[in-house]
Amino acid sequence: MVEARISYPPPLTLWDRINPVRMIGELSETRYWMYLLLIPSALLITAVVIYPTLYGMQMSFREMRLNRPDLGTGWVGLKHYQRMLTDPIFWVSLRNTAVWVTSAIALEFLIGLIAALALNRNLPGSKVLAVLILLPYFLPNVVAGHMWALMLDPRLGVINDLLVKIGWLEGYKAWFADPSTAMAAAIVVEAWHSFPFFTLLILAGLKGIPSDLYKAADIDGAGPFAQLRLITLPMLKTIIAAAVILRVIGLVNSPDLLLILTSGGPGRSTQVLSLYAFQTAYKDFNFGYAGALSVVMFILLMGFAWAYVRLSKVNED
Amino acid sequence: MTTRFDRRSVLKMGGGLLAASALLPARAMAQQTAINYWHTFTSQSEFAGLEDVMKLFAAAHPDIAVTQENIPNPEFMAKITAAVVSGSRPDSTMVSSERVADLVAMGGLTDLTDRIAAWERRGDFDDSRFASITKDGKVYGIPAFTFVDWMYYRKDWFDEAGLAPPTTYAEFRDAAIKLTDPAKGRFGFGMRGGAGGQSYVINIMEGFGAKLIQDDGSISLDRDKAIEAVDWWSGLLIKDGAVPPSAPNDGFRQIMEAFQTGQTAMLWHHTGSFQDNSKLLKAGVEFATAAIPAGPVNRVSRLGYAYNTVTKPETIDASWEWIKFWGEPDAAVAFLEKTGYFPASTVAAQDERISGNPLYKPAADTLGFGIPAPSFAGFAGWSESVVLPAFQRVLIKEATPEQAVDEMIDGLAQAIA
């Protein structure tokens, strides 16, 4: 008769019980391991995103004027939000923000799409061209802003010089001093600076579209525009949606380019919400009202992102 | 008797010496206090002037190491506010007059009243130099240099047209119109209607009698006089065409370039741009200097001061040595020679190197009748966020002078509420 032998693991020593390496090893085999891995990033996000956001939100319900300590920092409820309703600068800024973001995104998307389609053809020299096209995006906003301020300068600007020489302008034009051209000129600068973002993402998306689809479309007699409309754009829907949302967030929140080019002027013709919030905080030192403006921007962006995802039906795929 | 060293003894001695040598520089460093200094200098000449002052200071105070940090002027208030609120202040900071009230209100500056009262060079400075840096009887800094407002004009063009430098607003406007010749690409005056243009609007309003701070200390704006002023000032563009059409967006760079490249005949700025203008135009031949013309009611020529202040109390002793060093005549003259900024010290201003130069005479005269800019908590924000856009709206014909002044009065009420 064969005796069955069962081998038991040796009993745990005290050291085994308190050995952290062994404890982590055991934990890694449980479902709690996921939470442990998430702790560092969750802590970081709490410290640098959630806490400042919540702090900014509560600031919007308080009196916070740094240069008026006599007013205290008491709770003022919806005072700042009520002021916003009757503040003409807020409404002008809101309208300008809509124009600024919509026009810039449309232009960036259009140029970015054309550039990506061209680069996707893998013609000779396309790799070098791809690097050149991406160059504007590598420039910081501050550098791009100052560079274009000089190029569009009414006295020394090379753009004016070129336009006069080819006969499009009779004389040098002060683009940023005229309210009818200031916003348009700023949008051109913004589009030049950021269209490579769309190029990059769309190009990545184009590489993932199977060529069989185009071959089949060719056989069916679809021309290039029909292929673009029926294959390329639908296949890029998710990427375009992500790129648009990211750019909208970037444009709504960043006042730096307009700050350099126009400071919101002349008058209020290029005043946008982010610039208004920045000036309210750092020129008027009214952090309460600036906080309220920022909260409104936050809500508008959340609303936009939600509506855009719903309307573009990205999640349905 | 011979002493034998075995290998272990040599190693021990070597280790000991190494440790001792490591301590030496540490002890030397420990004796030197390091402080940083925030400033808003921009031009090459300003940096050259700062460098000279720092060299002189290093020679006089080898125990203090100063590190300068440039903060671009438009970002200065944002950075210093963030530094004060977050507790990461610089040790010492240069602060211009119009920013003092806001910084004192937010608790950003250290009270130096006692130190300044006991300072051996306090007598070199007129009391008026400390007016803008004194709040509620407490003095928060030392004037480093003076921004004396004056006028640069194209002497050759004035001579050619048989014109004398203007002394009143009426003469100024007349000269601006006469010297404007669009065919030659010339305009009579370089108006600053973009960034920084608000101070000119406020000065002109005061020139027409619309003072901001009344004799009883209250803050208000005389509507009728302010409208007259805004109408006159904006009229240089929209009625007379005597300033470049880019005026609504012209800031410091644009007005300087326009003058230096021969596109404008007159430029209002302070003495700090003298050296930069001299590099491109021949001083005394192509351009000369004059005092700012007098308005119909008041003569408004600003004397602004850049103050050096202590922003971090923990290193106050070293910072105090640094900021008071700027009051030494040698430091003040060294800075002037590189930049054109006038010394704030009366003793330094009498130095032969300054009083002997006729081109500096209008600035020396202005020291006699010049006045400081208004200063109250909220002034900087109001002037920049309300006055400038409102005036720009007049320049671009989006608003009338009446509407712009009403906007300014409403904004002022909110700023001081």
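Predicted model: local features only at pLDDT ≥ 70, side-chain atom pairs only at ≥ 80, totals over all residues.
The closest N and O atoms of A:Lys173 and A:Asp178 are 3.0 Å apart, and the structure holds 35 salt bridges over all chains.

**Salt bridges within chain B**

- B:Arg115 and B:Asp317 form a salt bridge in which the closest N and O atoms lie 2.7 Å apart, and this pair links distant parts of the chain, since B:Arg115 belongs to helix H5 (residues 113–117) of chain B and B:Asp317 to helix H12 of chain B, 202 residues apart.
- B:Arg115 has a relative accessibility of 28% and therefore counts as partly exposed.
- B:Arg122 forms a salt bridge with B:Asp127, again with 2.7 Å between the closest N and O atoms, and B:Asp127 counts as exposed because its relative accessibility is 56%, where the cut-off is over 50%.

**Interface of chain A and chain B**

- The contact between the chains involves 29 residues of chain A and 37 residues of chain B, and together the two chains bury about 2600 Å², of which 53% is on carbon and sulfur atoms.
- A:Arg155, A:Arg268 and A:Lys283 supply 25% of the area that chain A buries against chain B, which is more than any other three residues.
- Between chain A and chain B the count is four salt bridges, and the rule for polar contacts finds 11 residue pairs across the interface, both residues being at pLDDT 80 or more.
- On the side of chain A that touches chain B, helix H7 (141–151) and helix H14 (273–282) of chain A each supply at least two residues.
- The side chains of A:Arg155 and B:Asp250 meet in a salt bridge, at 2.6 Å from N to O.
- Salt bridges that share partners join A:Arg268 with B:Arg393, B:Glu398 and B:Glu407 in one network.

**Nonpolar cores**

- The largest nonpolar core has 122 residues, and those with the most contacts inside this core are B:Trp233, B:Trp322 and B:Trp382.
- Strand S6 (residues 141–154) of chain B contributes the largest share of this core, nine residues, while domain 1 (35–146 + 303–369) and domain 2 (148–302 + 374–416) of chain B each provide at least three residues.
- Leaving aside neighbours within four places in sequence, B:Trp382 is in contact with A:Asp284 of the other chain and with several residues of chain B, among them B:Ile202, B:Leu212, B:Leu221 and B:Met408.
- A second, separate core of 56 residues includes A:Leu152, A:Leu258, A:Ala292 and A:Val296.

- A:Glu108 lies in helix H5 (residues 88–119) of chain A and counts as buried because its relative accessibility is 0%; beyond residues within four places in sequence, its contacts include A:Glu190, A:Ser194, A:Phe198 and A:Arg247.
- B:Phe325 is placed in helix H12 (residues 316–325) of chain B and, at 11% relative accessibility, is also buried, so that it falls under the 20% cut-off.
- Not counting residues up to four places away in sequence, B:Phe325 touches B:Val53, B:Leu56, B:Phe57, B:Ala60 and B:Ala331, whereas B:Phe342, 17 residues from B:Phe325 in sequence, is 16 Å away in space, C-alpha to C-alpha.

Conventions:
Residues numbered from 1 in each chain as written. Chains lettered and ligands numbered in written order. Heavy atoms only, no water. Core = buried A, V, L, I, M, F, W, Y, C linked by side-chain atoms within 4.5 Å. Buried < 20%, exposed > 50% of the residue type's maximum accessible area, 1.4 Å probe, protein only. Helix = DSSP H or I, 4+ residues; strand = E, 2+ residues; numbered from the N terminus. Domains from an automatic or database assignment. Contact = heavy atoms within 4.5 Å. Buried area = accessible area lost by both parts, 1.4 Å probe. Polar contact = N/O pair within 3.5 Å; in protein donor to acceptor, adjacent residues only side chain to side chain.
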